[in-house]
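User: Could you take a close look at one part of this model for me, the open sheet, and connect it to a few local details elsewhere in the chain? Please start with the surface patch, and say which terms you rely on.

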Amino acid sequence: MRAHTVQVAVPIPIDQLFTYRIPEKFSEFALPGCRVLVPFDRKRITGYVTHHVPKPYDDALEIADLLDYWPIFSKDLLHLADWVAEYYMAPLGMVLQSMLPPGMQRGSERIITLKQTVGEFEIANLRKSKPVQSKILKALFVYRSLSLKALSKKIGSTAISKNLEELKRLGIIEEKEVLEDASVRIKFEKIVHLASHLVDEPERFEESLKMLEKRSVKQAAMLQYLKTVAPDGVVQSVALQEIASSREALKALAKKGLVKITERERIRSPFDRAPETKPNLTLNSDQQRCVNTVVRAVQAGSFHTFLLHGITGSGKTQVYIEAIRETVALGKSAIVLVPEISLTPQTVAVFRSWFGPLVTIQHSAMSHGERFDAWRKIRSGELKIVIGARSAVFAPVENLGLVVVDEEHETTYKQNDLTPKYQARDCAIVRASQSKAVVILGSATPSIESFFNAEDGKYTLLTLDRRIGNIPLPPVELVDMRKQIEVHTENWQPVLSKPLRDRMLQSLKSREQIILFQNRRGYSNALECYSCGHSAECPHCSIHLTFHRFKLRLKCHYCGYTLPAYRTCPSCGESNLLSQGIGTQRVEEQIDRLFPSATYTRMDLDTTSRKGSHTDILEQFKSGGTQILIGTQMVTKGLDFENVTLVGVISADTNLLFPDFRSSERTFQLLTQVAGRAGRKEKSGKVVVQTYRPQHYAIQHARTHDFSGFYREEITFRKEARYPPFSRLILVQFRALDENLAIEHSGFFSDIFREQLQKNTLSAHCSVLGPSPAPILKIRNQFRWHVLLKTLKSADRSGSLTRALLRNSLKLYSEKHRNNRVQFNIDVDPINLL
């Protein structure tokens, strides 16, 4: 029976599917996984067909257009999207949209135009009686025509529908719908060929060339170029540039039948260089054991998760490569996830040297066109190996055989700022389970949850406990910064201690390289007045402005607000200003002062915003162009430079200061990872860690590279406090411009949830913490209040009971208290509780 009605998911923050009728002309093609253009809220937007509805709905709206004549989502990806939507409590339409390259969506805009001439006098008269209409007309008086979105932004309100309707009835404005094309599409380029009869008959070519030499030198030069330099054809723009000719000359040749101009698709490649030569490597016995175990699981065609715990420099990447080589040989595909875009260039270079044209990348630093072209080639099966950051977990590979999650412990695998708030590592495991594929979770410092799962038998533990070539791990020297004041003069700045300076001097004299790690960008945390204590705060966020010395700006790293740095205190007028805290720019300044002849570069978010900047900085350092690399956590993992013999950690305590139960874990991981950058080849390495808390167990275990000892202490704390992996957390956040509303509505919700919990079997196993203000109360003018749900996994292993209870409580809250001025969002398994 032909289906005439379908369910469609649209990318809006409403957890609901919508029913649409299929026009007869599309009835055979509107399959689950196809994109459609549907009418929605007085405009047309892109939606995604999820399934057919067996019975017709005559009152349903009709699909406006079918955008795909075959599904762009495979059944596996649709199943994965269903899981992500259910587990992370996100609308299915927003999940599906996040799986596609940006720019593929089509939709319409409502355009508002000033129809009748309205003067400033009339606008002024409306200011008191109808202020919103006054703002609308003032904006249209200036711009004449605006989209609804732009108009709402101009007047600072989205609740303007009633006012627009009244102005339309009065004939002052008019509204029309304009359908926009997708912003990304297939790109074509023109190719110029020598006409076939000139190729086949040399005499005719010579005759035509002589005629042209008499009449048009440019045309003759183009003909000669195509014959001698580009006999197989050449891109038109290249030919014109080489000959310094014009399009008119080329068109004249085409009109005479001497050249043929065709079009072909131009693939926008993210690679600007050829693959490097494959290195000659032999696996050691530990690596070979791990590869054999993984390959057997891939060959078996069954789901399996391995936790590869290998110390820094133990050769985990080569295990990945050999496992992928065997996977591809079986006709299967592989996905490799890396936690940072900054890691992608080095990782891709290694994989391309082994697999060449089978490799592509997927991450947000690529242009929309590059991502779109790579996505299409992956989907066609032409590319078998996809490397990228968290979104690469959704790559449309065919016949998935292996997923590698490198540095699996990294928090960047969790999406915090957008919906869906998914954890890419967990999505990789679920996708592999649905596809009967194998997962390798690799890390020198596994997350507490992953290592617990390995101990519990959920994952299979593989270990690499020695470095390649049996090179020892570098010794770690702790410097107690509290005692450094005693050995320095009064004006000493606590950036570089004497032991670190001495080690740096030795490395520079030996022409060796240094990495300095400080997990804070900018110059200092804040600019504080020594006289009155004033410190500039962001007017939109509850945060001090970070001082950026080189641009002489104060900047909020949450909303982007900036203002010029002041030389005198705006509160008391004194000039006693003190830079509090240490950022990468301040470290840079100290290097310049103490080691003036040394070359250095800085790698943080401020220096890597330009496309390709990650690669440029790392290539410069790799080639020896710079001696010192200063950076944030970008420099702590995955980098392998054989001439780096010294790593300095400027402030080991930064993460310990955060009000987060994972702060010790993050501190241990960062210190262990950055320490592993030193002494990776024949040269021995050294690590200097500066700290004000040398006795903290995270720092002590990092000093001895002792993951097992740290894990035992940390898992004991987690069990006593009932934190993950023994429980599951869900953060419910309420946001409003008015703090009282955020407080009130977080209270409404928590009361409802507690009431529902008392009636539920989870009542003895689920805790409700809050409502309480977020540690950073205000961001982008929005006040934020938190309610944290903590459920023991022993009572609700999959979390489905808690999610069902939460859904029911949110439904009751919405029915009783929903207010458009209050927003809430759900973060399942939150990483960031700030």
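Analyst: Happy to! A patch here is built from residues with over 30% relative accessible area and no salt bridge, and nonpolar side chains are joined within 5 Å. Please keep in mind that this is a predicted model.

F29, Y69 and W70 make up a nonpolar patch on the surface, and together they have about 350 Å² of accessible area. Of these residues, Y69 sits in the loop that runs between β6 (65-66) and α1 (75-87). Because its relative accessible area is 43%, Y69 counts as partly exposed.

Now to the sheet you asked about. Seven strands form an open sheet with parallel pairing, in the order β15-β16-β14-β17-β18-β13-β19. The edges are taken by β15 (359-362) and β19 (460-464); each has a single partner strand, so one side of each is left without a neighbour in the sheet. From one strand to the next, the twist averages 20 degrees.

Looking inside the sheet, strand β14 (residues 333-337) is joined to strand β16 (residues 385-388) by four bridges, and the two run parallel. Here V336 is the residue that stands opposite I387 in β16.

Helix α12 (residues 285-300) lies across β13 (304-310), β17 (400-406), β18 (438-443) and β19. Its direction makes an angle of about 155 degrees with β19.

P420 is found in the loop between β17 and α16 (424-435), and a cis peptide bond joins T419 to P420, with omega at about 5 degrees. Another cis peptide bond links P724 and P725, where omega is about 15 degrees; P725 is placed in the loop between α24 (707-721) and β31 (727-736).

Two residues with positive phi are worth a look as well. D41 is not a glycine, yet its phi is positive, at about 50 degrees. This residue, D41, belongs to the loop between β3 (35-40) and β4 (43-53), and it counts as exposed because its relative accessibility is 58%. R144, likewise a residue other than glycine, has a positive phi near 70 degrees. The loop between α4 (131-143) and β8 (145-147) holds R144, which is partly exposed, with a relative accessible area of 40%.

Notes. Residues are numbered from 1 along each chain as its sequence is written. This is a predicted model: local features need pLDDT of at least 70, side-chain atom pairs count only at pLDDT 80 or more; totals for chains, interfaces and linings use all residues. Side-chain values use heavy atoms; hydrogens and water are left out. Patches are made of residues with over 30% relative accessible area and no salt bridge: like charges are joined within 9 Å, nonpolar side chains (Val, Leu, Ile, Met, Phe, Trp, Tyr) within 5 Å. Accessible areas come from the Shrake-Rupley method with a 1.4 Å probe; for residues, only the protein chains shown count as cover. A salt bridge is a side-chain nitrogen of Lys or Arg within 4 Å of a carboxyl oxygen of Asp or Glu. Buried means under 20% relative accessible area, exposed over 50%, partly exposed in between (1.4 Å probe, protein chains only). Two strands pair if DSSP finds at least two bridges between them. Axes are lines fitted to C-alpha atoms, for helices over the stretch in contact, and angles run from 0 to 180 degrees between N-to-C directions. Contact means heavy atoms within 4.5 Å.
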